[in-house]
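Hi,

Here is the structure I promised to pass on.

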Amino acid sequence: MSRSFLDGRVVLHAGDCLEVLRTLAADCVDSVVTDPPYHLSEGWATWDGGDIAFQTALWVEVIRVLKPGGYILSFSSCRTYHRMACAMEDAGFRVHPMLAWVFGSGFPKATSISKQIDKKAGAEREAVSKVTKGRRPDPYFVGLRKEYQITSSSTELAKKFDGWYYGGQSLKPAFEPIFFGQKPFSEKTGAENAVKHGVGGINIDACRIPYEPDYRNSWGSFVHSFGRWPTNLILSLPVIPGATSEFLNRIFYVPRADSDCRVGSRHPTVKPLDLIRYLVRLITPAKGICLDLFAGTGTLGEAAFREGFSAILIEREAEYLSDIERRMALVLEGPM
C-alpha cells in the first residue's frame with residue numbers, strides 16, 4: 001500500500017522495507033538518509049529487535065535503487081555501528097569517514113558495585129538526597145521522568161567501591177555515529193558521473209557554517225564569503241558552559257528534537273528536523289529524490305519537502321504510519 005502527500009512530492013509505502021525496496025526500479029533515487037533500528041536488545045520496542053540493519057541483503061537492495069555515485073547517510077549507535085557498517089561495506093558501498101552527531105544529553109545505564117555489595121549483604125542503605133532522572137520536560141514523555149534516592153554505603157566493603165560502576169553503557173552517551181557511504185561511480189571520474197547521473201558530489205557551499213560578522217572580518221580575504229567548510233561533527237546541546245560564538249560557528253549546531261519535531265508522536269528516536277534538513281541538503285541534488293527506508297514519524301519527508309526535494313518513505317509500524325500522515329497534514333501550516 002502506498003500514499004502520496006504534498007502534491008505527490010512525498011510517497012509513503014507501508015510495509016517491510018526489504019519487500020518494498022524490491023518493488024522499486026533500479027537507479028531511481030538520488031540519495032538516502034535513514035535511521036535504522038539500532039538493535040540494542042533492550043526489549044523496550046519490538047521494532048528494535050531482529051537484525052535487519054545488519055543484513056547485507058538489505059543494503060544490496062538500497063544500492064540497487066540508488067543512482068551510481070549517490071550517497072547514503074545512516075544513523076546508528078556507538079555499540080552496534082560496526083555491524084551495520086560492515087554489512088553496508090560488504091553490500092558494495094564505498095565507506096567515507098563517519099559523521100558524529102554530538103548531543104551530550106543521554107543517560108548512562110550502569111550498575112553500582114557498592115549497591116550490589118550492600119544488597120547481597122542484606123544491608124540497608126541510608127537515603128541522603130533525591131534526584132529526578134529521565135527525559136527533559138516534554139508533554140509526550142512526562143511519565144518517563146522518575147525520582148530516585150541517592151544513598152550512602154552501609155558495609156565497609158561497599159564503601160571501598162563507592163563511585164565504581166559496571167555495565168555496557170556506564171559512560172554517559174553523548175553522540176551517535178552516522179555512516180557516510182557512496183554507491184561506486186559508473187563513469188571514470190566523479191565529474192563525468194555527475195554529468196551523466198546528476199549525483200556524485202556533496203553540496204559544500206549550501207552547507208557551509210556561517211561566521212560571526214566580526215570574526216569573518218578579522219580574517220579578511222582568507223575567509224570564504226559563504227562560511228566555513230562543513231565538518232563531520234554536528235553539535236546538538238541545550239547549554240554549552242563557556243562556549244563562545246566562535247566555537248559554535250566552527251561546527252554545525254542544531255537543537256535537540258522538541259515537541260514540534262515530534263508532532264504528537266511517542267516515537268523514542270525522533271531526530272531534529274533541522275538536522276535532517278541539513279543532511280538531506282548535503283547529499284541531494286536539486287529536485288532530487290531522497291529515500292528513507294525506516295521512516296518513523298516522517299521527518300525525512302518533511303525535511304526533503306522543505307528543502308525543495310522529493311522523498312520516498314517506507315514504514316512498517318501502523319502507529320508510525322499514522323504519525324507520518326499527521327506530520328504531512330501539518331507541514332503546510334508551518335513556516336518553510
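Aspartate 323 counts as buried because its relative accessibility is 5% (buried means under 20% relative accessible area, exposed over 50%, and partly exposed in between, with a 1.4 Å probe and protein chains only). Arginine 326, with a relative accessible area of 31%, is partly exposed. These two residues form a salt bridge, and their closest N and O atoms are 2.6 Å apart (the rule asks for a side-chain nitrogen of Lys or Arg within 4 Å of a carboxyl oxygen of Asp or Glu). Both sit in helix H12 (residues 318-331), three residues apart, which is about one turn of the helix. Helices here are DSSP runs of H or I with at least four residues, strands are runs of E with at least two, and both are numbered from the N terminus.

A word on what you're holding: this is a predicted model, where local features need pLDDT of at least 70 and side-chain atom pairs count only at pLDDT 80 or more, while totals for chains, interfaces and linings use all residues. Residues are numbered from 1 along each chain as its sequence is written, and side-chain values use heavy atoms, with hydrogens and water left out.

Back to the salt bridges: the count comes to 16. One of them joins glutamate 176 and lysine 271, at 3.7 Å from N to O. Glutamate 176 is in strand E10 (residues 175-182) and lysine 271 in the loop between helix H9 (259-262) and helix H10 (273-283), so this pair ties together parts 95 residues apart in sequence. Both residues are buried. There's a network here too, with salt bridges linking Asp35, Glu176 and Lys271.

Glutamate 307 pairs with arginine 281 in another salt bridge, with 3.1 Å between the closest N and O atoms. Glutamate 307 lies in the loop between helix H11 (299-306) and strand E14 (310-315), and arginine 281 lies in helix H10, so parts 26 residues apart in sequence are tied together.

As for the whole protein, it has 12 helices and 14 strands, and 45% of its 336 residues count as buried. Of the contacts between residues at least 6 apart in sequence, 71% join residues at least 24 apart (contact means heavy atoms within 4.5 Å).

On confidence, the mean pLDDT is 85, and 77% of the residues reach 70 or more (pLDDT is the predictor's confidence in each residue, from 0 to 100). Over residues 135-144 pLDDT stays under 50, and the model has 25 contacts beyond four places in sequence for that stretch.

Cheers
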